[in-house]
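Please examine the model shown below together with its sequence.

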Amino acid sequence: MIQIPIESLNLQMLNVGFAHHDGDWNWQQVSSPFTRIYLVTEGRARLHLTDMVLDLRQGHMYIVPAYTMHSYECHGLFCHYYLHFYEGFKNETNVFEMFDIPVETDASDVCRRLFEQMCLDYPDAQLPESDPQAYDNTTSFTDYVQRYNRLPLWQKMRLRGTMLLLFSHFMQQATPRVWTNDERLMKVLAYANKHIHEEIDMDHLASVACITKYYLIRRFKQEFGLTPMHYIIKKKIERSQLLLLTSDKTVKEVAYSIGFNDHSYFIRQFKKIVGTTPLAYRQTRR
């Protein structure tokens, strides 16, 4: 059975609130470096993901992991609570990679009360408007992070506990991915995440797994759909997206901080994965 230290789930709140829509929740191709949880209280809408379309129903909760491309569709009344959070920088493997986590789960009365209490405790954490471009930008993201960082320790503890309680409803139905039975792949991912800020080469990854690099590449691609080095680059780029939104580091400094010695190569890889350059990514989110 997979054991994940609870302290590795370093959840930090960005926004929480309640939204009332009347056919005006129709945003396309949204992708952000934070996770969203919705609890539907009234009406219906649709959530479009890469491989499925979900009808969002009253009395249910939904989760959209960070960096997941998705769209919303709403043609009438739709009311929901929302929670946005991100995982502070850490070296553990992402829980969404280790488990198949359902996108939808039943919402208990306890869940609704937790949302109600968070909205009462943090009224200034409500979004200014529902358009992602209004809040998914450098200025807003930095403000939200600073607001959370200014909270006293006891409030951070209470918030983290509340977010974990909501998250646990999804984890209760989660199942370990097949590859998690392979200790060699577990070691590779653990090493890659721990040393994501460094240069990592295939020879060393193979020695960590105690197998040949050719077998590691084949086995890794079989389970994840990409090679170990492509996985590492993807993780580095995701880390850089968060850094571009939460820090004032230059593009070159961001590149060096995640283990790219050639910042031109970093820019090319960023554009290949994200679809725009790091500088444009930051500027379009100001």
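## Strand β5 and its partners

R36 has V64 in β5 as its bridge partner, and the strands to which this pairing belongs, β2 and β5, run antiparallel and are joined by 4 bridges; two strands are taken to pair if DSSP finds at least two bridges between them. Helices (H or I, at least four residues) and strands (E, at least two) are DSSP runs, numbered from the N terminus. The model is a predicted one, in which local features need pLDDT of at least 70 and side-chain atom pairs count only at pLDDT 80 or more, while totals for chains, interfaces and linings use all residues. Residues are numbered from 1 along each chain as its sequence is written, and side-chain values use heavy atoms, with hydrogens and water left out.

Strand β5, residues 60-64, also pairs with β9 in the antiparallel sense, over 3 bridges; here H60 has D106 of β9 as its bridge partner, and Y62 has E104 of β9. Because 5 of the 5 residues of β5 are buried, the strand is largely enclosed by the rest of the structure, where buried means under 20% relative accessible area, exposed over 50%, and partly exposed in between (1.4 Å probe, protein chains only). Both faces are covered, with H60, Y62 and V64 buried on one side and M61 and I63 buried on the other.

Axes are lines fitted to C-alpha atoms, for helices over the stretch in contact, and angles run from 0 to 180 degrees between N-to-C directions; contact means heavy atoms within 4.5 Å.

Strand β1 is mostly covered, with 9 of its 12 residues buried.

## The three-stranded sheet

A further open sheet, of 3 strands, has the order β4-β3-β6 and antiparallel pairing. Since β4 (53-56) and β6 (71-73) stand at its edges with a single partner strand each, one side of each is left without a neighbour in the sheet. Neighbouring strands of this sheet are turned by 25° against each other on average, direction ignored. Within the sheet, β3 (residues 45-48) and β4 pair in the antiparallel sense over 4 bridges, and R46 stands opposite D55 in β4.

## Nonpolar cores

In soluble globular proteins, nonpolar side chains tend to be buried together. A nonpolar core is here a set of buried Ala, Val, Leu, Ile, Met, Phe, Trp, Tyr and Cys residues joined through side-chain atoms within 4.5 Å. The largest such core has 48 residues, of which M13, V16, I37, M61, L83, F115 and L166 touch the most other members, and its largest share, 6 residues, comes from α5. Leaving aside its neighbours within four places in sequence, L166 is in contact with I37, M61, L83, C111, L114, F115 and M118. Apart from this core lies another, of 38 residues, among them F34, L49, L56 and Y86.

## Helix packing around α6

How do the helices α6 and α7 pack? Helix α6 (residues 183-194) and helix α7 (residues 202-209) pack at an angle of about 135°, with their axes 8 Å apart. The two are therefore oblique to each other, given that angles under 35 degrees count as roughly parallel, over 145 as roughly antiparallel, 65 to 115 as roughly perpendicular and the rest as oblique. R184, K187, V188 and Y191 in α6 meet H204, L205, V208 and A209 in α7.

The axes of α6 and helix α8 (residues 213-224) come within 11 Å and cross at roughly 90°, which makes α6 roughly perpendicular to α8. This contact is made by R184, L185, V188 and L189 of α6 and by Y215, L216, R219, F220, E223 and F224 of α8.

## Loop residues with positive phi

Q29, in the loop between β1 and β2, has a positive phi of about 50° although it is not a glycine, and Q29 is exposed, with a relative accessible area of 56%. C210, in the loop between α7 and α8, has a phi near 60°, again a positive value in a residue other than glycine, and at 66% relative accessibility C210 counts as exposed.
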